[in-house]
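Please look over the sequence and the model shown here. The report below goes through them part by part.

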Amino acid sequence: MRASQLLLMSTDSRVDLCIRTNQRPDDGIVSTALSIVQSLYRGPELGLLTYTPLPDRFSPESNRRLPSSLKGAAQYLKTPGIISLGGGLPSSEYFPFEEFNVKVPVPGSFDDKTHHAVMSAGKHDLAQGKSDFDIATAFNYGQGYGSAQFLRWIVEHTEIIHSPPYQDWSCTMTVGSTSAIDMGMRMFCKPGDWILSEEFTFPTAVESAAPQGVKVAGVGVDAGGLRADALDKVLAEWDPTVRGGPKPFILYTVPTGQNPTGSTQSASRRKEIYAIAQKHDLIIFEDEPYYFLQMDPYTGLNSPAATPPASHADFLASLVPSYLSLDTDGRVMRLDSFSKVIAPGSRVGWITTSEQIVERYRQHADVSTQSPSGMSQLVLFKLLEDTWGHPGYLDWLLHIRAEYTARRNVLLDACELHVPKSIASWSPPAAGMFHWVRVDYTKHPGYGSMGRAEIEEAIFQANVKHGTLLMKGSWFCPEGQKEGDAMFFRATYAATPLGDIKEGVRRFGEALRDAFGLEADDNGNAKELAGRIGSD
Ligand SMILES: Cc1ncc(COP(=O)(O)O)c(C=O)c1O
């Protein structure tokens with residue numbers, strides 16, 4: 001049995017931490033959790049991994065990094081009896097926080113706003129033996145990988161969900177995936193390099209690459225996400241002279257609920273892409289903020305809803321396997337984030353990859369972001385370790401998955417009802433927060449006299465005129481769009497109130513009919529459906 005299964009079964013997964021309480025609370029108070037031995041929380045001994053080309057792959061910037069001398073000195077705090085006159089850590093005596101209490105929902109009644117737990121942290125809980133983590137520790141400086149206490153939870157979680165198939169994988173905390181993308185690119189790329197991504201991608205990745213002198217080459221997608229054949233073709237035909245840069249070896253991909261297309265790569269698609277990555281020796285940046293927002297399938301207007309997973313085991317089995325879980329070579333750097341499943345303002349995430357990559361990342365973090373905010377880490381630790389535990393967190397993920405499924409269904413029902421199918425088409429998203437609508441602009445009255453970009457702008461403005469906002473597909477294209485390329489608009493159902501989602505989509509349909517000069521009820525089958533869906 002893997003550690004992941006054991007952890008789910010245990011009621012108290014607390015295991016030894018390498019914690020040193022440096023001084024007594026009444027003395028002046030430094031409590032430092034120095035490190036965890038990550039292998040304690042990983043699965044059984046699997047093969048050790050050494051991804052051979054890796055040392056040649058690190059960028060000159062990464063190769064110039066040296067370990068932080070000041071952070072390195074922290075190891076001596078373990079020396080029995082040592083009096084530290086070294087570290088510039090302020091005394092927690094001067095932290096103006098004695099205790100915090102935060103109300104949180106409890107597993108089993110997430111919908112019941114009157115039912116909650118209060119989680120508390122005191123200044124010296126650790127030294128007083130009340131908790132593994134406290135204000136004095138969390139609110140002080142930490143190491144680049146984050147606090148030992150919360151990192152342990154993250155490693156356990158990663159083992160439960162992904163069970164990476166090699167031994168020397170490791171996690172290190174990030175201040176969110178945006179920063180991890182930036183730092184990851186700096187670790188491997190130099191000016192003049194290219195990386196690969198879906199042909200429509202998260203613009204922040206492109207905007208992070210550009211000032212580093214790194215360009216992003218788009219790879220063809222279909223309704224199932226990134227196409228393995230297109231990836232193979234781009235790499236096989238890569239001409240450094242034409243492109244003005246060497247053949248890329250980084251693939252940045254968002255496999256689940258991709259932003260902006262909403263597509264999710266199936267298990268078989270991921271295996272095909274992993275095989276292409278092996279063939280061309282790619283490193284995969286697997287950016288997965290929407291991984292747990294995998295939903296029940298959309299069954300259509302007025303069809304019975306699909307049955308959600310009945311247990312944690314069913315839920316875990318329903319998740320598409322991650323690249324990390326397929327990564328026998330150690331060529332995947334997975335980016336996780338609490339932004340979409342807990343709160344973006346936490347600014348806490350983590351990467352999971354081989355220890356050699358984690359070590360480089362941590363060295364960079366030590367002298368840039370440092371660790372994520374200790375305040376965030378303590379709140380998350382109290383929630384995920386002390387209050388919910390791993391099973392409670394899975395309950396929460398099931399809860400928000402159901403919430404997003406309901407939101408997506410409202411949007412798709414409204415599309416069925418209001419959006420003219422004679423010019424618009426879509427595939428129901430199976431994960432994430434985005435809906436990607438293709439618009440056949442060759443049917444626009446200006447087609448032939450207006451350029452593609454002009455028509456896209458005209459439709460965008462028609463939406464605004466009718467009181468709804470959708471994003472232009474071209475904004476997500478790293479290499480821009482050409483005449484003749486398909487046209488898309490992105491809608492999200494993430495946060496808009498349900499009634500506004502319906503109204504926004506109705507206005508979108510109206511705007512399209514206006515822009516394309518269609519009859520008021522020309523939405524394919526709107527008349528017929530109108531009677532069936534009810535009034536709101
Ligand atoms: C694909 C993708 N990656 C990363 C992020 C940002 O994540 P974080 O808040 O962890 O920086 C987003 C947010 O929109 C996203 O869509």
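## A first residue

Is Arg347 buried or partly exposed? Arg347 has 18 C-beta neighbours inside 10 Å, so it counts as partly exposed. The rule is simple: a residue is buried if 20 or more other C-beta atoms lie within 10 Å of its own, exposed if 12 or fewer, and partly exposed in between, with C-beta atoms placed from the backbone. Arg347 lies in the loop between E12 and E13.

The model is predicted: local features need pLDDT of at least 70, and side-chain atom pairs count only at pLDDT 80 or more, while totals for chains, interfaces and linings use all residues. Residues are numbered from 1 along each chain as its sequence is written.

## The chain as a whole

The chain has 18 helices and 17 strands. These are DSSP runs numbered from the N terminus: helices are H or I with at least four residues, strands are E with at least two. Of the 536 residues in the chain, 47% are buried.

Take contacts between residues at least 6 apart in sequence: 75% of them join residues at least 24 apart. A contact means that two C-beta atoms, placed from the backbone, lie within 7 Å.

Two strands pair if DSSP finds at least two bridges between them.

Strands E11 (residues 283-287) and E12 (residues 332-337) pair in the parallel sense over four bridges. Ile284 stands opposite Val332 in E12. E5 and E13 run antiparallel and are joined by six bridges. Met173 has Trp350 as its bridge partner in E13.

## Inside strand E5

How many residues of E5 are buried? Six of the six are, so E5 is largely enclosed by the rest of the structure. In a regular strand the side chains alternate between the two faces of the sheet. Trp169, Cys171 and Met173 point one way from E5, while Ser170, Thr172 and Thr174 point the other way.

## Helices against the sheet

Helix H9 (residues 228-236) has Ala228, Leu231, Val234 and Leu235 as its buried residues. Seen down the axis of H9, they fall within an arc of 125°, so they line one face of the helix. That arc is taken from the directions from the helix axis to the C-beta atoms. On the other side of H9, Asp229 and Ala236 are exposed. The cover over the buried residues of H9 includes strands E6 (194-198), E7 (215-219) and E9 (225-226), and helix H11 (267-279).

## The ligand shell

Which residues are around the ligand? Among them are Gly176, Phe202, Asn259, Asp287, Ser337 and Gly349. By class, the shell has four nonpolar, seven polar and one charged residues. Ala, Val, Leu, Ile, Met, Phe, Trp, Tyr, Cys and Pro count as nonpolar, Asp, Glu, Lys and Arg as charged, and the others, Gly among them, as polar.

## Backbone exceptions

Most residues other than glycine have a negative phi, and most peptide bonds are trans. Phi of Arg347 is near 50°, a positive value. Phi of Ser163 is near 35°, also positive. Ser163 sits in the loop between H6 and E5. With 20 C-beta neighbours inside 10 Å, Ser163 counts as buried.

A cis peptide bond joins Asn259 and Pro260, with omega about 20°. Pro260 is found in the loop between strand E10 (250-253) and H11.

Methods
Near = placed C-beta within 6 Å.
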